[in-house]
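Subject: The structure I promised you

Hi,

Here is the structure for you to look through. Open it up first, and then read on for what turned up in it.

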Amino acid sequence: MTLNPIQSLTIILILMLGTMCTRFLPFIFFRAHKSTPAYIQKIGSVLPYAVIGLLVVYCLKGVSFTGGSYGLPELAAILIIIALHLWKKNTLLSIFAGTAVYMLLVQYVFTSWR
Amino acid sequence: MKTKTKALRALKAAFPHTLPVLAGFLFLGIAYGILMKSIGYGAGWTFLMSFLVFAGSMQYVGITLLSAAFNPLYALFITLMVNARHVFYGISMLERLKLSGKFKPYLIFAMCDETFSILCSATPEKEVDDGWFMFFVAFLNRWYWIAGSVLGAFMGDYIKFDTKGLDFALTALFVVIFINQWREQKRHYPAVIGVISSVICLVVFGRNNFIIPSMLLILLVLTFAGKKMKGESL
């Protein structure tokens, strides 16, 4: 442990506070309206699909395509996930296989690249 | 109908929907518990974190916050950035949660990525109470995660293997959700807009500051795209 227990607890409570802010905000903000504005309703129906795209990019934000392993382990693992998922349509299998391939690649194949 | 029958019926309807999450959360949770253990935090700490925060990707980011110098303000800022997407979930759920009655505060508190995506695609049959249904989806998912992470923390004592790359499980999960949504939807432009806007903002603003600009750009483009496709329901 780098932090002492009090500091660790503080960090955990901060994480809780920040998370709850983001979860409760829309409900506090739109409580005054009896009905949600039409624009917000409309945006709310397409947002989920855009947000998952953002999440995927978020997960890959640390990958360097100009040096190191050039993002090859990530690219390979994602291609395998896509192929396997389109073929078998098994969420758990796709996640498990993709992660296993990635771990093998970064631990054994691309070790000297980093 | 008696409350007990109502609840039981909703539990039966909700459980099958949560099965993939059960598997995924046990796996991701165990991986998380092992990672926590590897930086010196045991089962008690992991339980506290999962119980209070309950935000998978943020908890993974929390590992780096716990292993760096103590900086609460930075931690708060990062949390707001990483979890900003919850604002979008809230906006998408405003209407449906109006009907959830006494469960509303709990549902808002426990609305993670997976619960959100299940509730987006699943509505129970007529004779099942939607409030209880949503409650059980959220409740089950939450406890799968807590149980998985605590299990991982215990296993961390006995399993000695290189965990490098294990956190890729989270990326894999989102890629799979992305593919599922892509297949379910006829219109792909929201997903495409989400990816392209994020990539542009990542390149322009850098990896530490791109989430909020991405959200704004997504909102902007979706608004215009929505206007352009007037007459069609989005």
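This is a predicted model: local features need pLDDT of at least 70, side-chain atom pairs count only at pLDDT 80 or more; totals for chains, interfaces and linings use all residues.

You can find B:Ser198 itself in helix H10 of chain B, which runs over residues 189-205. B:Ser198 counts as buried because its relative accessibility is 0%, and the cut-off for buried is under 20%.

That brings us to how the two chains meet. The contact takes 73 residues from chain A and 95 residues from chain B. Between them, chain A and chain B bury about 7,500 Å², with 78% of that on carbon and sulfur atoms. On the chain A side, A:Arg23, A:Phe27 and A:Tyr49 lose the most area to chain B, yet together they make up 10% of what that side buries. As for polar links, there are 14 residue pairs in polar contact between chain A and chain B, while the count of salt bridges is zero.

Which helices of chain A give two or more residues to the side that touches chain B? They are H1 (5-29), H2 (38-59), H3 (72-88) and H4 (91-109). H1 of chain A has the largest share, with 22 residues. Sorted by class, this side of chain A has 46 nonpolar, 20 polar and seven charged residues.

Chain B is divided into domain 1 (2-182) and domain 2 (186-234), and the C-alpha centres of the two domains lie 25 Å apart. Six residues from domain 1 and ten residues from domain 2 take part in the contact between these domains of chain B. The area buried there is about 820 Å², and carbon and sulfur atoms give 84% of it. In domain 1 of chain B, the residues that lose the most area to domain 2 are B:Met81, B:Phe88 and B:Trp182, together 69% of what that side buries.

Most residues other than glycine have a negative phi. A:Tyr70 is not a glycine, but has a positive phi of about 55 degrees. You'll find A:Tyr70 in the loop between H2 and H3 of chain A. A:Lys89 also isn't a glycine, and its phi is positive too, near 55 degrees. Look for A:Lys89 in the loop between H3 and H4 of chain A.

Are these two buried or exposed? A:Tyr70 counts as partly exposed because its relative accessibility is 45%, whereas A:Lys89, at 52%, counts as exposed. The cut-off for exposed is over 50%.

Happy browsing!

Technical notes:
Residues are numbered from 1 along each chain as its sequence is written. Chains are lettered from A and ligands numbered from 1 in the order in which they are written. Side-chain values use heavy atoms; hydrogens and water are left out. Domain bounds come from an automatic or database domain assignment. Contact means heavy atoms within 4.5 Å. Buried area is the accessible area (1.4 Å probe) that two parts lose on being put together, summed over both. A salt bridge is a side-chain nitrogen of Lys or Arg within 4 Å of a carboxyl oxygen of Asp or Glu. A polar contact is a pair of N or O atoms within 3.5 Å; within protein, one must be able to donate a hydrogen and the other to accept it, and residues adjacent in sequence count only if both atoms are side-chain atoms. Helices (H or I, at least four residues) and strands (E, at least two) are DSSP runs, numbered from the N terminus. Ala, Val, Leu, Ile, Met, Phe, Trp, Tyr, Cys and Pro count as nonpolar, Asp, Glu, Lys and Arg as charged, and the others, Gly among them, as polar. Buried means under 20% relative accessible area, exposed over 50%, partly exposed in between (1.4 Å probe, protein chains only).
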